[in-house]
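Subject: Handover of a structure and notes on it

Dear colleague,

Please find the structure below, together with its sequence. My notes on it follow, and I would be grateful if you read them with the model open beside you.

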Amino acid sequence: MTTTTTQQFDFFIEGRMGPALSGKYFDAVNPSNGEVFARIADADTIDVQIAVSAARLGFDHGRWPQMSIAQRGEFLLKIAALIRENAKELADLECASCGKTIKHTTFIDVPTAADTFEYFGKLSGNLINETMKHSAPVLSIIEREAVGVVVTIIPWNYPLIMTAWKLAPALLAGNCVVLKPSPSACASVMLLAKLASQVGLPKGVLNIIASSRPQAGAELVGSPEVDMVSFSGSTKTGEAVMALASKGVKKLTLELGGKSPNIVFADCDMEAALGGALSAIFMNQGQMCTAGSRLLVEDKIYQEFVEKLVAHTKNLKIGPADNFETEFGPLVSVGHRDAVLKFIEKGKQEGAKLVCGGRIPGRELSPGEEEDSPLHKGAYLEPTIFINVRNSMSIAQEEIFGPVLCVIPFTSVNEAVHIANDTKYGLAAMVWSQDLEKANKVARRLRCGTVWINTYGVFLNEIPFGGYKQSGFGRELGLAGLLEYTQLKHIATDTTPGGRSLVTSWF
Ligand code: NAD
């Protein structure tokens with residue numbers, strides 16, 4: 001069951017848990033029932049400054065950057081262990097925060113977050129230090145070092161996993177970090193902050209704050225005490241972050257939005273492709289950066305595929321996220337649900353044909369009638385499918401970030417590739433075909449950071465993930481993800497025989 005009592009969550013700043021200086025809290029609302037289930041400490045500008053200064057002091061004067069990778073990894077392993085010990089409470093909070101089904105938070109979000117801390121915690125050795133041999137009488141050592149103070153900002157759709165993806169590599173590399181989750185869904189992250197406060201990290205190494213104020217993120221990015229920003233969120237906010245980070249020339253990684261094509265060829269395994277298409281758009285109610293929101297189906301199987309897909313979709317069990325039977329929960333908030341409904345109206349106006357969903361589920365209310373259905377109290381929306389979509393329509397071009405699928409037919413490989421690439425985004429793509437040679441050729445022509453062939457949503461701690469084009473730059477996870485949080489240093493020592501340095505003979 002979702003947590004019903006109102007819990008209170010504080011910040012983790014300067015090595016301890018505490019409230020905002022103002023003593024203010026903001027409400028966390030459960031989108032399954034519209035009820036307030038938690039109160040979160042609310043950072044003002046001064047709290048933001050204290051968090052950043054704590055990280056600055058921790059980096060400039062603390063022992064964290066000088067510790068070995070193995071020593072820092074021990075702390076990550078302790079965090080992972082605490083996540084596993086508190087798995088149920090974290091899964092309940094994640095479910096109550098963002099409306100993600102309890103099945104999802106229990107079996108995916110919480111264990112994945114622990115796995116990521118463990119993966120990075122167990123990486124040992126140096127961060128690729130090299131001694132280079134070259135013709136000059138100079139010994140070159142190339143080392144990777146931490147960047148310094150890193151601000152990490154995450155969205156609301158995968159709070160725990162995004163937290164792990166950013167904190168584990170940033171800390172392992174020796175940085176001191178400030179993390180800010182989204183105010184729309186952050187209770188689980190604030191519990192994680194409390195757990196992290198128990199592992200004995202040196203003061204200032206990790207700081208986690210939340211704020212109801214939209215400016216809080218900008219204040220973090222703009223702080224002159226910050227060296228690097230690692231941002232995940234929408235492309236629109238990413239542009240603002242990039243502009244702000246240019247002041248002070250901060251290092252930046254951006255993991256942004258997507259409009260991923262899911263290409264289904266006639267020679268696919270149809271049951272597998274149907275399952276993949278459903279997962280790609282309706283898992284987490286379509287609120288995934290890698291959502292397969294454009295379904296491209298070869299004309300030979302178009303009709304059959306769409307009929308089967310609609311039938312499956314109509315059978316999805318919609319309900320409160322805290323029920324293990326629920327397959328499709330609410331969206332993150334009523335405000336976001338209403339924004340998605342506007343896209344659905346736009347799709348109809350643009351001439352796309354609505355063949356499934358598109359409405360708030362539950363019985364229709366008469367004017368003035370009281371809302372009594374549990375589904376009316378939450379942020380629910382039926383899973384929605386449009387056919388007869390042209391790729392130029394705004395529902396096919398803009399990231400809706402909800403359960404709205406645009407189905408587009410194609411007749412040839414070239415046409416499929418052209419439609420797939422005809423977007424400003426480049427995060428992920430799926431290809432379904434039993435001809436693996438063809439599928440691989442197509443994968444290489446797609447302009448995006450990840451292509452899944454005959455599968456969907458394979459994320460591995462060892463494998464880097466990130467975008468092309470306006471889906472951002474930089475990578476999360478894997479060695480590439482870890483190295484984002486480092487910078488290269490060259491230490492050159494003159495080794496001229498006899499000790500007479502090269503430069504002494506110039507003037
Ligand atoms: P958002 O861009 O509205 O907010 C993301 C975060 O940025 C939040 O913590 C928010 O408080 C903060 N923020 C807002 N304005 C800011 C500013 N001016 N400066 C700094 N920070 C600011 O995104 P969202 O609605 O929370 O999340 C959905 C978006 O995230 C979608 O576009 C989705 O595709 C994207 N996303 C991308 C990835 C990825 O890895 N590529 C992963 C998850 C989500």
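Helices are DSSP runs of H or I with at least four residues, numbered from the N terminus. Ser394 is found in one of these, helix α13, which covers residues 394–397. Please keep in mind throughout that this is a predicted model.

Let me stay with Ser394 for a moment. A residue is called buried when its relative accessible area is under 20%. Ser394 has a relative accessibility of 11%, and it therefore counts as buried. If residues up to four places away in sequence are set aside, Ser394 touches Lys346 and Glu350.

The ligand

Which residues come nearest to the ligand? Of the 26 residues around the ligand, they are Ile154, Ser234, Thr237, Leu256 and Glu399. Sorted by class, the shell holds 15 nonpolar, eight polar and three charged residues. Helix α7 (215–222), strand β11 (228–232) and helix α8 (235–246) each provide at least two residues of that shell.

An oxygen atom of the ligand is 2.8 Å from a backbone N or O atom of Ile154. A polar backbone atom of Ala218 lies 3.4 Å from a nitrogen atom of the ligand. For Leu256, a polar backbone atom is found 2.8 Å from a nitrogen atom of the ligand. The ligand taken alone exposes 850 Å², and the protein buries 86% of that.

Val221 and helix α7

Val221 has its place in helix α7, one of the elements that supply residues to the shell around the ligand. Is Val221 buried or exposed? Its relative accessible area is 0%, so Val221 is buried. Apart from its neighbours within four places in sequence, Val221 is in contact with Ile153, Val229, Val241, Leu244, Ala245 and Lys250. By contrast, the C-alpha atoms of Val221 and Leu295, which are 74 residues apart along the chain, are separated by 36 Å.

In soluble globular proteins, nonpolar side chains tend to be buried together. In this model, the largest nonpolar core has 129 residues, and Ile40, Phe117 and Phe305 touch the most other members. Helix α5 (residues 159–172) gives the most to this core, namely ten residues. A second, separate core has 29 residues, among them Phe343, Leu381, Ala396 and Val431.

What does Ile40 touch beyond residues up to four places away in sequence? The list consists of Phe9, Lys24, Tyr25, Phe26, Ala28, Cys186, Ala187, Met190 and Ala210.

Ala193

Ala193 lies in helix α6, which comprises residues 187–196. With a relative accessibility of 0%, Ala193 counts as buried. Its contacts, leaving aside neighbours within four places in sequence, are with Phe12, Met17 and Ile208. The C-alpha atoms of Ala193 and Ile208 are separated by 6.2 Å, while the two residues are 15 residues apart along the chain.

Ser433 and its loop

Where is Ser433 placed? It lies in the loop between strand β19 (428–432) and helix α15 (436–445). Although Ser433 is in a loop, it counts as buried because its relative accessibility is 0%. A polar atom of the Ser433 side chain lies 3.0 Å from the backbone nitrogen of Asp435. Beyond residues up to four places away in sequence, Ser433 touches Phe265, Asp267, Cys268, Lys438, Ala439 and Asn454.

Two residues with positive phi

Most residues other than glycine have a negative phi. Asn284 has a phi near 50 degrees, a positive value in a residue other than glycine. Asn284 lies in the loop between helix α9 (270–282) and strand β14 (294–298). The relative accessible area of Asn284 is 4%, and this residue is therefore buried.

Lys469 is not a glycine either, yet it has a positive phi of about 45 degrees. Lys469 is placed in strand β21, residues 468–469. At 27% relative accessibility, Lys469 counts as partly exposed.

With kind regards

Definitions and conventions
Residues numbered from 1 in each chain as written. Predicted model: local features only at pLDDT ≥ 70, side-chain atom pairs only at ≥ 80, totals over all residues. Heavy atoms only, no water. Near = heavy atom within 4 Å. Polar contact = N/O pair within 3.5 Å; in protein donor to acceptor, adjacent residues only side chain to side chain. Areas by Shrake-Rupley, 256 points an atom, 1.4 Å probe, with all protein chains shown as cover. Nonpolar A, V, L, I, M, F, W, Y, C, P; charged D, E, K, R; others polar. Core = buried A, V, L, I, M, F, W, Y, C linked by side-chain atoms within 4.5 Å. Buried < 20%, exposed > 50% of the residue type's maximum accessible area, 1.4 Å probe, protein only. Contact = heavy atoms within 4.5 Å.
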